[in-house]
Every structure is written in structure tokens, then in C-alpha cells.
Amino acid sequence: ADYISVASSHVVRSFVLNGYDTKKIFKNPYGVDLSMFNYRPHVTKEYDVISVGAWSYQKGCDLIIEAIKKTNLKFLHVGGINDLSFPEDDDRFTHVNKVDQSVLIDYYNKAKVFLLPSRQEGLAMVQAQAIACNLPVVGSPDSGIEDLKEMVARPDMITIIKDYTPDSVLDAIKEALSKYEHLNGEVYAGEAIKDLTWEAYGKRYDRFLQTII
């Protein structure tokens, strides 16, 4: 290939480690539909932590289970169940089967922070959705969150786990909850939220295509 389009910095690094020329690689983080995902300040927070997507080892859900079990926090998962069992017999855990994207906003706005300790991703778009809904985000070094962190006005509202252990996930959750308490309704993405849209994604792609034609 003459050029390779990727969505995040850690994917760029994976190509570099395998000997690819960085001049071939175009990084363009995915966007989010702001008409479908936005902050609703008057919605009651029923959950401390939410995670959206497949319930699987890849998504670090085994770490989520162990971390939440060390607390009295209320956790909500929305999505399909893949290769891990969900702890349905534990009152701290609530599961909702996969829903249409148009109603995901209702679930995001019921939680205080978003969690995705993925072991591998290109860039998990649910993180951008959570940011659009003004949830402090806990991501991983391999979730693509470092790129989204660079794009928001308040990067301190995004926490990256230090390693793939329950204690590291729990420390990051506690940090994110503390940040939520001090957010006081401020929309932390600021004007930079426009850079997280699909329109912005398309414009970045267009500018890149113009440079290589």
C-alpha cells in the first residue's frame, strides 16, 4: 500500500515497530454524531460507572469485575455478552443488552464516569460518545484514548490506566469519580468537541487526500 489510514497513535506505533515508514501512515481519529450524543445536565445519576460495547476479555471486562468487587460502586454495562460471564447475581452490576445507538444517550447520561480498559482497539468510538455526554473517561494505553485526550479542552478529565490489573483500574476509577465531583456541570470538551465530529473526521481525510493526489 502507498498509504495506510489508522485512527490512533498506538496503532501508528505498532506499524513503526513492524518496520513501516511513518510517511506512509495517516492518523485520523474517528468521529461522533453530536446530534445523537450530548450532555443532559438534569438527568439523575443512577450509576457510578458505565461501560458500553462487547462484554469480553479483549475489552478488559475481567478487570472491571475484580475492580468493582472491591467497592460499593454501581456499575452499568450496555452491550452484548461475548466470552466472559456477567456477574448478574451481584447487586453492584447491571447489564442491558445491546440497544440502538439512538437510545445510548439515555444510558450515558445516567452514569458519572465511563470505563473501557481494553487490551486492544483501533480506537473505541464509545469513548468519544462518552466525552460528548460529558463523562470523565477511563481508558487504556490500547484503547485510543490518548488521542482523544489531546483533543479536548480539559485533558485532565481523561484518565489512562497504568497497567492491566484490577488495582490499576480501580485507582483510575477513583480518580475519574473525583474529577466528576469537581466538574460541576462544566462541558470539559469545550469548543474542541467540534474536532470529535464525523464532519471534522471527513475534513481531515479530505485534506490528506488533497496532499497525496
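Student: Which residues of α4 are buried?

Tutor: This is a predicted model, and in it the buried residues of α4 are Val126, Gln127, Ala128, Gln129, Ala130, Ile131 and Ala132. Seven of the eight residues of that helix are buried, so α4 is largely enclosed by the rest of the structure.

Student: What do the buried residues of α4 pack against?

Tutor: Their partners are strands β3, β6 (111–115), β7 (137–139) and β8 (158–160), along with helices α3 and α5.

Student: And what happens just after α4?

Tutor: Asn134 comes there, with a positive phi of about 70 degrees. Asn134 has that positive value although it is not a glycine. For context, most residues other than glycine have a negative phi. Asn134 lies in the loop between α4 and β7.

Student: Is Asn134 buried or exposed?

Tutor: Asn134 is buried, with a relative accessible area of 5%.

Student: Which other residue than glycine has a positive phi?

Tutor: Asn184 is one of them, with phi near 55 degrees. Asn184 lies in the loop between α6 (166–183) and α7. Asn184 counts as exposed, at 69% relative accessibility.

Student: Where do Phe26 and Phe208 lie?

Tutor: Phe26 is in strand β2 (residues 25–27) and Phe208 is in helix α7 (residues 198–212), so the pair ties together parts that are 182 residues apart in sequence. Phe26 is buried, with a relative accessible area of 12%. Phe208 is buried as well, with a value of 15%.

Student: What about Tyr30 and Trp198?

Tutor: Tyr30 and Trp198 form a tilted aromatic pair, 6.3 Å centre to centre with 40 degrees between the planes. This pair also links distant parts of the chain, since Tyr30 is in the loop between β2 and β3 (47–52) and Trp198 is in helix α7, 168 residues apart. Tyr30 is partly exposed, with a relative accessible area of 28%, and Trp198 is partly exposed at 39%.

Student: Which charged residue sits over the ring of Tyr57?

Tutor: Arg119 does, with its charged end 3.7 Å from the centre of the Tyr57 ring.

Student: How about Lys59, buried or exposed?

Tutor: Lys59 counts as buried, at 15% relative accessibility. Lys59 is found in the loop between β3 and α2 (61–68). The Lys59 side chain makes a polar contact with the side chain of Glu121, at 2.6 Å. Leaving out residues up to four places away in sequence, Lys59 touches Ala54, Leu116, Pro117, Ser118 and Glu121.

Student: One more lysine: what does Lys70 touch?

Tutor: Not counting residues up to four places away in sequence, Lys70 touches Pro166, Asp167 and Leu170. Lys70 lies in the loop between α2 and β4 (75–78). Lys70 and Asp167 are 97 residues apart in sequence and 9.0 Å apart in space, C-alpha to C-alpha.

Student: Last one: which residues of helix α1 are buried?

Tutor: In α1 (residues 9–17), Ser9, His10, Val11, Val12 and Phe15 are buried. What covers them includes β1 (4–6), β2 and α5 (145–149). Just after α1, Gly19 has a positive phi of about 85 degrees.

Key
Residues numbered from 1 in each chain as written. Predicted model: local features only at pLDDT ≥ 70, side-chain atom pairs only at ≥ 80, totals over all residues. Heavy atoms only, no water. Helix = DSSP H or I, 4+ residues; strand = E, 2+ residues; numbered from the N terminus. Buried < 20%, exposed > 50% of the residue type's maximum accessible area, 1.4 Å probe, protein only. Phe/Tyr/Trp six-rings, centres within 6.5 Å; stacked < 30°, edge-to-face > 60°. Lys NZ or Arg CZ within 6 Å of the ring centre and 35° of its normal. Polar contact = N/O pair within 3.5 Å; in protein donor to acceptor, adjacent residues only side chain to side chain. Contact = heavy atoms within 4.5 Å.
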